[in-house]
Amino acid sequence: MTSRARSLRLTNARIYRSAWDETPADSIVVCDGKVVWIGAADVAPAADETIDLAGATVIPGLTDAHIHLFAIAHARLQVPVTPRDAPTISDVLDLLGARARAIPSDKWVYGAGLDENGLAEHRLPTRAEIDVVIPDHPVLIRRFCGHVAVVNSAALRLLGIDDATADPEGGTFGRSEDGRLDGSAKESAAELIFRAAPPMDRNELTAALRATIADSARLGLVAVVEAAVGFTVGFDDEFAIWNEIRANGDVLPMRLGFMNQLDPAEAAARGLAPTQDADWQSMTLKYFADGIVGARTSAVSEDFFDTPSRGMFMRDETELQRVIAEAHADGWQVAVHCTGDRGIDCIIEAYEKAQAGRPRADARHRIEHYFVPPAGGLARMKALGALVVTQPSFLTRMRRSITGAFGPRADRCYPGRSVIDAGVTYIASSDAPTGSWSPWDGIADAVSRASDSGAPIGQGEAISVREAIHSYTVGGAIAMKQEDWRGTLMPGMAADLIALDRDPFAADCLPLKETKVLLTMVRGAVVHDAMPQFPEWRSGAASA
């Protein structure tokens, strides 16, 4: 005989059923993982337990439809060399040097979070500069985007890379004017280095990944899509660690979806097929069409404003379109990293060809980033039912790159308003660790276009707070094909919700980026509780 599921009432709150709710409730009852009632406290049904939310604001839980949890966890085991940690190249080298002195000379020194745009010198450190400070240990620094590596001479020797090594397809090794390697590598050349370097301790990495998942729940995320299993250290190693976590049997504090960085034949060889699941979903294959703005490797149709280049594709366009058609035919949702308009146009065409060759209802293929929109692209995306998955916090994180790469054309970058107005599903996400891990930074930048860190970029592309939060609630669920059962707080929907220290929809709302998540509930269970005993936050004191 099974026991009856216990019910829980949350009351004394301002509860929005969705981002569009203009008459919020003050109480909600959940049971067996679902919302069973929502409305006014004086007519609320009885419940086994009650939580007084002391005036907090409740909204549906947020989904980050494009994040790299594995990369965040991986970076936690490395020396942090972000501009916040090290504002100059000398500071970067000091931090790495300290690690080198603490470990044997045959051990690698790993650094993560490097961003030359935040360094005083506005450039990457060179191989020669690292060699002076760390001559014996191999050094590998990962740029925050994951598309660029910087190494020293000891690392190059161990990897068998020298001045005569040719650039691989879809990547380049940086060189000085005399043709010698300068220690930098971009795109597939960087990937080659990342894959060849010795792995992190597996137990430490697994623990860091668990901690990263828990910390994501504290930010208000109830679901995420891991945006490329294989991007950080290779598919099989990452896949094994993820499955180790799953096999342990723990109930994780969020719902997970996975993009697999595999060709269809590679997926089939591993016994993988598109699978939808409420908690552990694997229905997407991920590809990279072009590079990134920061490295000037985005495939664009006009020269960059500051560089006589139009970027590159990561693989032959015809071959990429063929692989996408195969994935489509095999029933996969396809997600493609595209930043330049030339790359985006190629992928829209690939989706059109795939659909024409094998019509599929509701494929929901995705374009990740959609940084530089091609002319007429949104009308074609709407016709396909394809999704734009964007990262608004890039407007702050990459301000110098965006303005440098595009000059007066920067206002066209990272469209928001025009995507929504075209009738295309707009989904905001983080791409952390490249973008800000906090969804509140993304929501705020989608609304303000990063005006708090300088002049707004493309002010005409700003969207409303309600639209931004909708993109993280219903929008994220749409990306995972789950909007029919989660993303809003109506009877019968999943009891995935968050309580906040402010009402983001109020006209006098305190700064969105400072939003504190007081409580996170997933499947009707509280997975994060930071409710203060004495709620000073109601007057704004706790968020100052």
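Four nonpolar, one polar and four charged residues form the lining of the second largest cavity in this predicted model. You can find the spot by selecting Val300, Ser301, Glu302, Asp341, Val372, Phe406, Arg409, Arg412 and Cys413, the residues that line it. The volume of this second largest cavity is about 80 Å³.

How many cavities of 30 Å³ or more does the count come to? There are four. The largest cavity has a volume of about 170 Å³. It is lined by 20 residues, and those closest to its centre are His147, Ile292, His337, Asp431 and Thr434. By class, the lining of the largest cavity holds nine nonpolar, eight polar and three charged residues.

From the cavities, let us turn to the pockets. The largest pocket holds about 720 Å³ of space. Among its 28 lining residues, Thr82, Arg84, Gly113, Arg397 and Pro433 are the closest to the centre. Which element gives the most to this lining? The answer is H1, with five residues. Helix H1 (69-76) is joined by strand S8 (109-114) and strand S9 (139-143) in supplying at least two residues each to the lining of the largest pocket. Sorted by class, that lining has 12 nonpolar, nine polar and seven charged residues.

The second largest pocket has a volume of about 490 Å³. Its lining counts 23 residues, and Glu191, Arg195, Gln261, Phe288 and Met314 are the closest to the centre. H5 gives the most to the lining of the second largest pocket, namely five residues. By class, eight of the lining residues are nonpolar, six are polar and nine are charged.

Now for a single residue that is worth a visit. Where is Asp21 found? Look in the loop between strand S1 (7-15) and strand S2 (25-31). Is Asp21 buried or exposed? Its relative accessibility is 8%, so Asp21 counts as buried, the cut-off for buried being under 20%. The side chain of Asp21 has two partners to look at. One is the side chain of Arg17, with which the Asp21 side chain makes a polar contact at 2.8 Å. The other is the backbone nitrogen of Thr23, which the side chain of Asp21 reaches at 2.9 Å. If you set aside the neighbours within four places in sequence, Asp21 is in contact with Ile15, Tyr16 and Arg466.

Finally, step back to view the whole chain. Its secondary structure comes to 17 helices and 22 strands. The radius of gyration is 24 Å, close to the 24 Å that the globule rule gives for 544 residues, so the chain is as compact as a globular protein of that length. Taken along the principal axes, the C-alpha atoms fill a box of roughly 80 × 55 × 55 Å. Of the 544 residues in the chain, 57% are buried, and Asp21 counts as buried too. What share of the contacts between residues at least 6 apart in sequence join residues at least 24 apart? In this chain, that share is 72%.

Key. Residues numbered from 1 in each chain as written. Predicted model: local features only at pLDDT ≥ 70, side-chain atom pairs only at ≥ 80, totals over all residues. Heavy atoms only, no water. Helix = DSSP H or I, 4+ residues; strand = E, 2+ residues; numbered from the N terminus. Buried < 20%, exposed > 50% of the residue type's maximum accessible area, 1.4 Å probe, protein only. Polar contact = N/O pair within 3.5 Å; in protein donor to acceptor, adjacent residues only side chain to side chain. Contact = heavy atoms within 4.5 Å. 1 Å grid on protein atoms, 1.4 Å probe; cavity = no way out; pocket = protein on both sides within 12 Å on 5 of 7 lines; lining within 4 Å. Points joined across faces, edges and corners; volume = space filled by probe spheres on them. Nonpolar A, V, L, I, M, F, W, Y, C, P; charged D, E, K, R; others polar. Rg over C-alpha atoms; globule rule 2.2 N^0.38 Å.
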